[in-house]
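The following exercises are to be worked with the sequence and the structure at hand. Each task is followed by a solution in steps.

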Amino acid sequence: MRDFRRLLASFLLLAGLAMPQDGNAATPAHPHDRLAPTPPMGWMTWNLFKEDISDKLIREIADAMVAKGYRDAGYTYIFIDDAWQGGRDNRNNIIPDPKKFPYGIKALADYVHSKGLKLGIYSDAAPLTCAGYTASLGFEEQDAKTFASWGIDYLKYDYCNAPVDVETAKRRYAAMAKALRNSGRDIVLGVCEWGPRHPWRWAYDAGGSVWRTTYDVRDMWKDVTGQGGMGILDIINQSDTLSQYAGRGHWNDLDMLVVGLDGKGGPSSDLGGKGCTADEYRTQMSMWCMLSSPLAMTNDLRNDDPTAKDILLNKDIIAINQDDLCQPAVPKGRVSNCRIYLRSLSGNRWAIAVMNDTDKPQRVALPFAKAGIRGRYSYKEIWTGKSATKASSWKGSLRPHQTAVFLLSK
Ligand code: GAL
């Protein structure tokens, strides 16, 4: 047997293929890559509405997503998070809370689909979810079939109330991935164990299409109260060196967008989440797109404010997130006290982000060569729309926590 493996390894080597290893470079594509070829985009219930969710809310959000142009901009999922469950029936089928979802999830999914949108749902790899509702451990096959029969398109699979070791996590996620594969429907698996077991190393092989890199995002720039919450900058700091693990069909998930929440309450206002400035929200959108994170909006789209809407619907930044080359940005050091990131794009184009992570305004002189690309380029700065031709650098100023993103082509 060992001889056969050695023979196989030499054959693969000769054929120019590698055995699966850590990271993206040598990992062969998995069939589930086709489920989320580019990062999933949509709207998620948790950050603002927490347990206060219902059939009515989801239908109204679906209507708003269509009427206000979010669906057509690419936000096609509605992700129902925790607190939809109403236990199990006498055949152990998981059922929705009849008060919140009086017509059942199938009828809701039909409505969502009729609007050209997809529906996501939530469970947990343990007996109970984080908020204490019925979860899927031991019922993976049965629940996956139920989700498929309802027309579910995405499962966010959480990890509360589960053992801490990595091997159990791998097994539990692989069990749900297999159950989804056997369910008769394409359902994307979102791994949500928050990062402590380094899911970027194994969640893709276990069958996941996206994996959270950190604990929950709060509506703040960074943790200044020392309560351990994750602000926008804290999440960037924990995620910007993980790009090598992502690629077509498998993505680092930096958690939900807080754009437009303005400290209005819900779980993202815990642990010091008092709201952000427009520059900080723009930085979140810029960096989530540069780093190819799924984009899950959480503000109330029925009453969206114009600033949030402008940020969330910016076509150029969304196109970077969804770019077909599927190569998330990498950090390229600092210039003029600011950070720079470079992303290669399809069609011989590049994106450079310059982020002022200091608390003071900065005057910036950015030779593009500093970001790793030499020569002269045409560029457009996507938040101001200013453009130039035959440029090899940019000079300007950035307010505290502001990010400029340049789209460059030859
Ligand atoms: C957390 C998860 C959140 C949300 C919440 C629901 O573990 O990270 O995004 O899903 O559970 O209880």
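**Exercise 1.** Identify the residue with positive phi that follows helix α3, and describe the helix and its cover.

*Solution.* Step 1. Gly 69 follows α3, and its phi is positive, near 90 degrees. Helices are DSSP runs of H or I with at least four residues, strands are runs of E with at least two, and both are numbered from the N terminus. The model is predicted, so local features need pLDDT of at least 70 and side-chain atom pairs count only at pLDDT 80 or more, while totals for chains, interfaces and linings use all residues. Residues are numbered from 1 along each chain as its sequence is written, and side-chain values use heavy atoms, without hydrogens and water.

Step 2. Helix α3 comprises 13 residues, 55-67, and spans 18 Å from its first C-alpha to its last, close to the 18 Å expected at 1.5 Å a residue (the expected span is 1.5 Å times one less than the number of residues).

Step 3. Its buried residues (under 20% relative accessible area, with exposed over 50% and partly exposed in between; 1.4 Å probe, protein chains only) are Asp 55, Leu 57, Ile 58, Ile 61, Ala 62, Ala 64 and Met 65. An α-helix has 3.6 residues a turn, so residues three or four places apart point the same way.

Step 4. The cover over these buried residues includes strands β1 (41-44), β2 (77-79) and β5 (118-124), together with helices α2 (46-49), α4 (70-73) and α5 (104-114). Contact here means heavy atoms within 4.5 Å.

**Exercise 2.** Determine where Ala 83 and Asp 262 lie, and whether each is buried or partly exposed.

*Solution.* Step 1. Ala 83 has a positive phi near 90 degrees although it is a residue other than glycine. Ala 83 belongs to the loop between β2 and β3 (85-88) and counts as buried, because its relative accessibility is 0%.

Step 2. Asp 262, also not a glycine, has a positive phi of about 50 degrees. Asp 262 is placed in the loop between β9 and α10, and it is partly exposed because its relative accessible area is 39%.

Step 3. Gly 263 is found in the loop between β9 (251-253) and α10 (278-290), and a relative accessible area of 32% makes Gly 263 partly exposed. Beyond four places in sequence, Gly 263 touches Asp 219, Ser 269, Gly 273, Lys 274, Gly 275 and Tyr 281.

**Exercise 3.** Which side chain makes a polar contact with that of Asp 304?

*Solution.* Step 1. Asp 304 lies in the loop between β10 (295-297) and α11 (306-312), and it is buried because its relative accessible area is 16%.

Step 2. The partner is Lys 68, at 2.8 Å. A polar contact is a pair of N or O atoms within 3.5 Å; within protein, one must be able to donate a hydrogen and the other to accept it, and residues adjacent in sequence count only if both atoms are side-chain atoms.

Step 3. With neighbours within four places in sequence set aside, Asp 304 is in contact with Lys 68, Tyr 70, Asn 299 and Lys 309.

**Exercise 4.** How far are polar side-chain atoms of Lys 156 and Trp 194 from an oxygen atom of the ligand?

*Solution.* Step 1. For Lys 156 the distance is 2.7 Å.

Step 2. For Trp 194 the distance is 3.1 Å.
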